[in-house]
Amino acid sequence: MGKVSVGLRGWRFDEAEIFTDEGLFKELGEIPLDARQRLIRLVFLVDKPCDACRIQHGEDSIERANQAAAVYGEPDDEVVLCDDHEAEFIYWYQEAGGSEYRGDPDLPEAFYEWFGDGGRSPDEFGAVEHVETDPEELPDPPDGEEIQAKLEEDHEPERIDLSRYADDVTTGKETEMVDDEAVDSLDTEYPTPDE
Ligand SMILES: [Zn+2]
């Protein structure tokens, strides 16, 4: 089963969960809760400035921040990063204790603190390699506007109550964890708890 990122790298979706056989976006109600939450959240994140740039340049120079290219963490407790800073997050997560915050709402603050204190990936850590999953076989990747249009079609956006979904998640069935496999694939993607 193929996995695909939507809008930003990082969060991965099972194609079968979000696309119909025709390669179109499913109705939101047909998309599993976790994937739905992430899609809804992505609408707000695709145009956000990079968190690391924000810390580096300060809120007064927000116009110098690069636009988000990747997102890690959980919906509402995520870190968004530009192409330049994605490596800092991956390094922090893999090598500097960040993985302790897997699935933890404190993940963003912990990363901001590390980065704000001058935490950086060493040069030899290198840039992040971006591996696309069978690009030819994927439906056209929907962009933020497409997601937004979809959401507006199904819902009044301001009436989407993410906390309600969060309750469902915490009381719902155990999320399946595939730790070893996820950790093995860490060289290219941050393992989110649902993978
Ligand atoms: Zn940045």
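Student: What covers the buried residues of α4?
Tutor: In this predicted model, the cover over the buried residues of α4 includes α3, β3, β4 and α5.

Student: And which residues of α4 are buried?
Tutor: They are E86, E88, F89, I90, W92 and Y93.

Student: What comes after α4?
Tutor: G97 follows α4, and its phi is positive, near 90 degrees.

Student: OK, on to α5. Which of its residues are buried?
Tutor: L107, F111 and F115 are the buried residues of α5. Looking down the helix axis, you'd find them within an arc of 60 degrees, so they line one face of α5.

Student: What's exposed on the other side of α5?
Tutor: E113 and G116 are exposed there.

Student: What do the buried residues of α5 pack against?
Tutor: They pack against α3, β3, β4 and α4. After α5 comes G118, which has a positive phi near 100 degrees.

Student: In which sense do β3 and β4 pair?
Tutor: They pair in the antiparallel sense, over five bridges. As an example, Y72 has V79 in β4 as its bridge partner. β4 itself is residues 77–81.

Student: How many residues sit between β3 and β4?
Tutor: Two, and the strands form a hairpin. D76 lies in the loop between them.

Student: New topic. How many residues are in the largest nonpolar core?
Tutor: It has 32 residues, and those with the most contacts inside it are L8, A68, L81 and F89. The elements giving two or more residues to this core are α2 (33–45), α3 (51–57), β3, β4, α4 (86–95) and α5 (107–116).

Student: What is L81 in contact with?
Tutor: Leaving out neighbours within four places in sequence, L81 is in contact with C50, D51, A52, A68, A69, A70, E86 and F89. F89 is also one of the buried residues of α4.

Student: Let's zoom out. How many helices and strands are there in the protein chain?
Tutor: Eight helices and four strands. Starting at the N terminus, the order is β-β-α-α-α-β-β-α-α-α-α-α. Of the 195 residues in the chain, 29% are buried. Among contacts between residues at least 6 apart in sequence, 58% join residues at least 24 apart.

Student: What's the mean pLDDT of the chain?
Tutor: The mean is 77, and 64% of the residues reach 70 or more.

Student: What about residues 131–141?
Tutor: Their pLDDT stays under 50 too, and the model gives them twelve contacts beyond four places in sequence.

Technical notes
Residues are numbered from 1 along each chain as its sequence is written. This is a predicted model: local features need pLDDT of at least 70, side-chain atom pairs count only at pLDDT 80 or more; totals for chains, interfaces and linings use all residues. A residue is buried if 20 or more other C-beta atoms lie within 10 Å of its own, exposed if 12 or fewer, and partly exposed in between; C-beta atoms are placed from the backbone. Two residues are in contact if their C-beta atoms, placed from the backbone, lie within 7 Å. Two strands pair if DSSP finds at least two bridges between them. A nonpolar core is a set of buried Ala, Val, Leu, Ile, Met, Phe, Trp, Tyr and Cys residues joined through C-beta atoms within 7 Å. The arc is that of the directions from the helix axis to the C-beta atoms. pLDDT is the predictor's confidence in each residue, from 0 to 100.
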